Amino acid sequence: MPFREINSKMVEAQIVPGQTLYSQRGAMLAYRGSVSFTPSITGGQGGVMSMIGRRVANEQTPLMTVEGSGTVMFGHGGHHVQVVNLTGETLYVEADRLLAFDGTLQQGTMFMGSQGGVMGMVRGQVTGQGLFTTTLKGHGSVAVMAHGGVIELPITPNRPVHVDPQAYVAHHGDVRNKLSTALGWRDMVGRGSGEAFQLELSGQGAVYVQASEEKL
């Protein structure tokens, strides 16, 4: 069920019988119709293992199961909301940034060290993701939160994209990423993340970048 963008900070979803939506607790702004909101124990199609993985990863963002028949409007904290439509690929995103997503998507948890070893773990700390990040895979829509607006930058072969790690929001597709330093360690003292570190993404896909280095 795709989300309809009402404005830059609110989205609307049509809830139909037999389909499930998951949202961050406190994200519901208003609704019409006969819609129920219940705490999610497993949180998506990742099931119990997804729940265990999130606890190990310290990604325990509370989710609500949204079901019934009607229309629900979502938003949270005045943050900008970006809608991402997946067509079978995997979206990598910090759990705290998830506003709502289709129940058809399979949710999982990825260890940052699996993408770049030690530098992958360092990248997680610099971007604010920590040692783990959330994955959503399949066909469906995701509403992601960010600060100050979002731009989608395509990633194509032989055309890598370099991003300030703290401006990074999410990415999808067959993408490789690595953290590099633009300066020597001695020169990095007192400099911001964009001056000291760069996140390089290469392959085929897209990366979402926010207009602010502020974390949620």
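**View 1. Val93 and the residues it touches: Leu98, Thr133, Thr134, Val144, Val169 and Ala170 are in contact with Val93, leaving aside its neighbours within four places in sequence.** Contact here means heavy atoms within 4.5 Å. This is a predicted model, in which local features need pLDDT of at least 70 and side-chain atom pairs count only at pLDDT 80 or more, while totals for chains, interfaces and linings use all residues. Residues are numbered from 1 along each chain as its sequence is written, and side-chain values use heavy atoms, with hydrogens and water left out. Val93 belongs to strand 6, which covers residues 80-93. Strands (E, at least two residues) and helices (H or I, at least four) are DSSP runs, numbered from the N terminus. Is Val93 buried or exposed? Val93 has a relative accessible area of 0%, so it counts as buried. The cut-offs are under 20% relative accessible area for buried, over 50% for exposed, and partly exposed in between, using a 1.4 Å probe and protein chains only. To place Val93 along the chain, look at Thr109 too: these two are 16 residues apart in sequence, and their C-alpha atoms are separated by 9.9 Å.

**View 2. Strand 5 and the strands it pairs with.** Strand 5 runs over residues 63-74, and nine of its 12 residues are buried, so the rest of the structure largely encloses it. Two strands pair if DSSP finds at least two bridges between them. Which way do strand 4 and strand 5 run, and how many bridges join them? They run antiparallel, with 11 bridges. In this pairing, Arg32 sits opposite Thr71 of strand 5. Strand 2 (residues 10-15) pairs with strand 5 as well, antiparallel and over five bridges; there, Ile15 faces Gly70 of strand 5. Strand 3 (residues 21-24) also pairs with strand 5 in the antiparallel sense, over four bridges, and Gln24 has Leu63 of strand 5 as its bridge partner.

View 3. Strand 1 (residues 3-7) and strand 2 run antiparallel and are joined by four bridges; they form a hairpin with two residues between them. Arg4 has Glu12 of strand 2 as its bridge partner. The side chains of these residues also meet, in a salt bridge of 3.1 Å, N to O. A salt bridge is a side-chain nitrogen of Lys or Arg within 4 Å of a carboxyl oxygen of Asp or Glu. Glu12 is buried because its relative accessibility is 13%, whereas Arg4, at 47%, counts as partly exposed. Glu12 also meets Arg32 in a salt bridge, at 3.8 Å, N to O. That pair links distant parts of the chain, with Arg32 in strand 4 and Glu12 in strand 2, 20 residues apart. Arg32 is exposed, with a relative accessible area of 51%. Salt bridges with shared partners join Arg4, Glu12 and Arg32 into one network.

**View 4. Glu94 and Arg97, another charged pair.** The closest N and O atoms of this salt bridge are 3.9 Å apart. Both Glu94 and Arg97 are buried. By the rule given above, the count comes to three salt bridges.

View 5. Ser40 lies in the loop between strand 4 (28-39) and helix 1 (47-56). Not counting residues up to four places away in sequence, Ser40 touches Tyr22, Leu63, Met64 and Thr65. Ser40 is buried, with a relative accessible area of 17%. Asn158 is found in the loop between strand 10 (150-155) and strand 11 (161-163). At 78% relative accessibility, Asn158 is exposed. Its phi is near 65°, a positive value in a residue other than glycine.

**View 6. The whole protein, with some caution about confidence.** The protein has three helices and 13 strands, and 52% of its 216 residues are buried. pLDDT is the predictor's confidence in each residue, from 0 to 100. The mean pLDDT of the protein is 80, and 72% of its residues reach 70 or more. Where should you be careful? Among the elements, helix 1 has the lowest mean pLDDT (42) and strand 2 the highest (97). Over residues 46-59 the pLDDT stays under 50, and it is also below 50 over residues 184-194. Where pLDDT is low, the predicted coordinates should not be read in detail.
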